[in-house]
Amino acid sequence: MQFDLLRRREFIALLGGAAAWPLAAHAQQPAMPVIGLLNTGQPESIANLVAAFRKGLSETGHVEGQNVTIEYRWAQNDNDRLPELAADLVHRQVAIIAATDTSSAIAAKAATTTVPIVFVTGGDPVRDGLVTSLNRPGSNVTGVSFLTTALAAKTLGLLHELLPGAARIAVLVDPNFPNTEPFVSSVRAAALVTRKQIEVLDASTARDIDTAFASLAQKPVDALLVSPTPLFNNRRVQLVTLAAYHRVPAIHFQREAAEAGFLMSYGTSHTDAYRQAGVYTGRILKGEKSAELPVMQPIKFEFVINLNTAKAFGLDVPATLLALADEVIE
C-alpha cells in the first residue's frame with residue numbers, strides 16, 4: 001500500500017514537470033531581433049522605399065512581424081531630432097540600425113560604435129566620415145551610396161538637350177545637407193561646358209522652398225535642377241506645384257517626382273538601393289560583419305520624362321531624348 005502511494009506521488013510529480021516543459025521551452029526561445037529604422041523625413045513620403053527595404057529583408061529570410069521586428073524613428077524633417085532618436089534606438093538595444101539617409105547615418109554613427117549600421121546615402125560616405133573606404137568599411141558601418149555628385153553633369157546635360165536655349169539654370173539646394181557643396185561645385189563645372197549661368201537657391205525647410213520659388217519673380221530662370229536631398233524628396237508634391245505655378249521646367253532626382261508631375265527625373269533607383277540595404281541588413285542579422293561588407297554603389301539608373309508636363313509648358317521633347325528615357329509618361 002505504502003509502495004503504491006509512493007509510485008502514485010512520483011507519477012503525479014512527473015506529470016507536473018511534463019506540463020511545465022512547453023512553458024520552459026517557450027521561455028528559452030530567443031526573442032525576435034529588432035531593427036531600428038532611422039529617417040530624416042516622414043513615413044508617408046518614403047512608404048514605397050520602406051516597402052523595398054522589407055523586400056530586401058525577405059530575400060534573406062527575414063519577414064517583419066514573423067521573425068524580425070522593426071522600430072521606426074522619423075525626424076519629421078527636423079535634423080536636430082536625429083541624435084536623440086539614434087540614441088534611443090541604441091538604448092533599446094536594437095540588433096542593427098538602418099539609417100536611410102546621410103544625416104541619419106551620421107547621427108547613428110555618433111551614437112554607437114558597436115551596433116551595426118546599414119546606411120542609404122546620396123553623399124560620399126568616405127568624405128562624410130562614415131567609412132574609411134568603400135571596399136573595406138572597417139567599422140560597424142556599411143551600406144549603399146548613390147554618389148550623386150557624379151550625376152550632376154549628366155542631369156544638367158539632359159536639361160541642355162531639352163532646352164538648348166536656356167541660359168539661366170536655378171539649382172535648388174539644402175545648405176544643411178552634407179553633400180551640397182561638392183554637388184554645387186560639380187554643377188558649376190558642368191555649366192562652364194554648356195555656358196549656362198547657375199543661380200543657387202537655398203532651402204532648408206518647406207517655408208524656405210516657398211521663399212526660394214518666390215524669388216524667381218525678381219530673378220527669372222529658364223529651368224530648375226533640384227539637388228538630391230531627403231528634404232526635396234519628402235517635399236516633391238510641393239515642388240511640383242510650385243514649378244507648375246511659376247512655369248519653370250524642372251528636373252528632379254527621383255522617378256516618383258516625374259510621376260507626380262515634374263518635367264523629368266534622372267538618378268539612381270532609390271527603390272533598388274533600399275532593397276539592397278534590406279539585403280545587407282538581413283545578412284548582418286545572419287552573422288556577417290558590417291566591417292567586411294563593402295559599400296554598394298547602385299548601377300541602375302532611371303530617366304523619366306513626363307510628356308503631359310512638357311505639353312503644359314509648350315515644349316517639344318526631341319526624339320533623341322525620348323529614346324534615352326526608361327519611361328515616358330503620357
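Colleague: What makes you say that strand 1 and strand 2 pair, and in which sense do they do so?

Modeller: This is a predicted model, and in it strand 1, residues 34-39, is joined to strand 2 by six bridges in the parallel sense. Two strands count as paired from at least two bridges, so the six bridges found here meet that condition. Within this pair, Ile35 stands opposite Ile70 of strand 2, and the bridge partner of Leu37 in strand 2 is Tyr72.

Colleague: What is the order of the strands in the five-stranded sheet, and how are they paired?

Modeller: The order is 2-1-3-4-5, the sheet is open, and the pairing is parallel.

Colleague: Why are strand 2 and strand 5 said to stand at the edges?

Modeller: Strand 2 (69-74) and strand 5 (141-145) each have a single partner strand, so one side of each is left without a neighbour in the sheet. Neighbouring strands of this sheet are turned against each other by 20° on average, with direction ignored.

Colleague: How do you know which strands stand next to strand 4, and how many bridges link it to strand 5?

Modeller: Five bridges join strand 4 to strand 5, and the two run parallel; here Val118 stands opposite Thr142 of strand 5. Strand 3 pairs with strand 4 over three bridges, again in the parallel sense, with Ile97 opposite Ile117. Each of these counts can be set against the requirement of at least two bridges, so both links qualify as pairings. Strand 3, helix 4 and strand 4 also make up a right-handed β-α-β unit.

Colleague: Which strands does helix 4 lie across, and at what angle does it run to strand 4?

Modeller: Helix 4 (residues 102-111) lies across strand 1, strand 3 (96-99), strand 4 (117-121) and strand 5, and its angle to strand 4 is about 155°. Helix 11 (residues 270-285) likewise lies across strand 1, strand 3, strand 4 and strand 5, at about 170° to strand 4.

Colleague: Which residues of helix 5 are buried, and why are they placed on one side of the helix?

Modeller: In helix 5, residues 152-162, the buried residues are Ala152, Thr155, Leu156, Leu158, Leu159 and Leu162. They cover an arc of only 155° around the axis, which puts them on the same side of helix 5.

Colleague: How many residues are in the largest nonpolar core, and which have the most contacts inside it?

Modeller: The largest nonpolar core has 30 residues, and those with the most contacts inside it are Leu159, Ile169, Leu225, Met264, Phe303, Ile305 and Leu321. Among the elements that give two or more residues to this core are helix 5, strand 6 (168-173), strand 10 (264-268) and strand 11 (301-306). Apart from it lies another core, of 24 residues, among them Ile35, Ile46, Tyr274 and Met296.

Colleague: What is the order of the seven-stranded sheet, and what kind of pairing does it have?

Modeller: This open sheet has the order 7-6-8-9-10-11-12, and its pairing is mixed. Strand 7 (197-202) and strand 12 (327-329) have a single partner strand each, so one side of each lacks a neighbour in the sheet. Strand 10 and strand 11 run antiparallel and are joined by five bridges, and Ser265 has Val304 of strand 11 as its bridge partner. Helix 5 packs on the sheet, touching strand 6, strand 8, strand 9 (250-252), strand 10 and strand 11, with its direction at about 155° to that of strand 10.

Colleague: Why does Phe232 count as buried?

Modeller: Phe232, found in helix 8 (residues 230-234), has 0% relative accessibility, and the limit for a buried residue is under 20%, so Phe232 counts as buried. Leaving aside neighbours within four places in sequence, its contacts include Leu172, Ala203, Ile209, Val226, Leu239 and Phe253.

How values were computed
Residues numbered from 1 in each chain as written. Predicted model: local features only at pLDDT ≥ 70, side-chain atom pairs only at ≥ 80, totals over all residues. Heavy atoms only, no water. Helix = DSSP H or I, 4+ residues; strand = E, 2+ residues; numbered from the N terminus. Axes fitted to C-alpha atoms, helices over the stretch in contact; angles between N-to-C directions. Contact = heavy atoms within 4.5 Å. Right-handed = clockwise from strand over helix to strand, strands pointing away. Buried < 20%, exposed > 50% of the residue type's maximum accessible area, 1.4 Å probe, protein only. Arc of directions from axis to C-beta. Core = buried A, V, L, I, M, F, W, Y, C linked by side-chain atoms within 4.5 Å.
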